[in-house]
Amino acid sequence: MASCFEVSASVSDEQTESAASQKREERLRKFRELHILNEARKLNHKEVVEEDKRLKLPTNWEAKKARLEWELMTDEKKKECAAKGEDYDRVKLLEISAEDAERWERKKKKKNPDPGFSGYAEAQLRQYQRLTKQIKPDMDGYERQREQCGEDFHPTSNSLIHGTHVPSKEGIDRMVEDVEKQIEKRAKYSRRRAYNDDADIDYINERNAKFNKKAERFYGKYTAEIKQNLERGTAV
């Protein structure tokens with residue numbers, strides 16, 4: 001039989017081992033918590049850096065990035081089609097779903113290519129943009145003119161080039177054709193209605209005349225009898 005001393009020593013060893021095990025588990029738990037906190041700190045720092053980068057980018061950076069990616073993908077697709085001897089436009093149409101085609105068609109119908117007349121300045125700007133889009137630069141003629149003019153091609157205050165430029169026949173023909181097109185297009189516009197001297201004057205200025213026309217258009221059929229009674233002097 002074991003003595004009391006041996007039993008107490010065994011119990012003491014078990015308690016010591018249990019306390020060491022608890023301390024080890026406590027250290028491991030703290031180590032895991034510290035590891036988790038460190039990882040969270042790194043992730044937060046990374047998010048802060050990424051957010052700072054995003055804030056420094058232009059406001060339309062995401063749209064530009066998407067546009068560039070789409071252009072790169074389109075170029076790659078065109079190269080693949082060219083290598084296979086296929087038509088890119090035909091392949092693109094085959095890949096479009098019926099829902100996308102219907103959605104794009106609705107968008108086209110909503111867009112109004114001609115917003116109409118809103119002012120002379122806006123109309124002049126639209127005409128300028130339309131004419132500049134039609135311009136196709138003649139680089140060969142540009143180089144020939146540059147060789148002919150020499151240093152006078154970029155004139156200074158001492159250059160005398162007035163009257164030396166003679167337009168080509170092709171340029172004159174293009175100008176005449178464009179002017180004739182403008183005249184033909186202008187002739188199709190509706191002209192302003194002429195002033196009628198015999199019409200009744202029921203307004204005090206042009207703005208009041210427009211208001212009276214609108215009122216007549218919407219409420220004329222309801223007020224016709226009252227107006228006739230006022231004109232005859234039989235109104236109650």
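User: Which residues are linked with Arg29 in a network of salt bridges?

Analyst: In this predicted model, Arg29 is joined with Glu26 and Glu33 in a network of salt bridges. The side chains of Glu33 and Arg29 meet at 2.7 Å, N to O, and both residues lie in helix α1 (residues 4–56), four residues apart, about one turn of the helix.

User: Switching to pockets, what volume does the largest one have?

Analyst: The largest pocket has a volume of about 1,200 Å³, and of the 31 residues lining it, the closest to its centre are Asp138, His165, Ser168, Gly171 and Arg174.

User: Which element gives the most to that lining?

Analyst: Helix α7 gives the most, with nine residues, while the lining as a whole divides into 11 nonpolar, nine polar and 11 charged residues.

User: And which residues form a nonpolar patch on the surface?

Analyst: Such a patch is formed by Ile172, Met175, Val176, Val179 and Ile183, which together have about 420 Å² of accessible area. Ile183 is placed in helix α7 and counts as partly exposed, because its relative accessibility is 48%.

Terms used: Residues numbered from 1 in each chain as written. Predicted model: local features only at pLDDT ≥ 70, side-chain atom pairs only at ≥ 80, totals over all residues. Heavy atoms only, no water. 1 Å grid on protein atoms, 1.4 Å probe; cavity = no way out; pocket = protein on both sides within 12 Å on 5 of 7 lines; lining within 4 Å. Points joined across faces, edges and corners; volume = space filled by probe spheres on them. Helix = DSSP H or I, 4+ residues; strand = E, 2+ residues; numbered from the N terminus. Nonpolar A, V, L, I, M, F, W, Y, C, P; charged D, E, K, R; others polar. Patch = residues over 30% accessible without salt bridge, like charges linked within 9 Å, V, L, I, M, F, W, Y side chains within 5 Å. Areas by Shrake-Rupley, 256 points an atom, 1.4 Å probe, with all protein chains shown as cover. Salt bridge = Lys/Arg side-chain N within 4 Å of Asp/Glu carboxyl O. Buried < 20%, exposed > 50% of the residue type's maximum accessible area, 1.4 Å probe, protein only.
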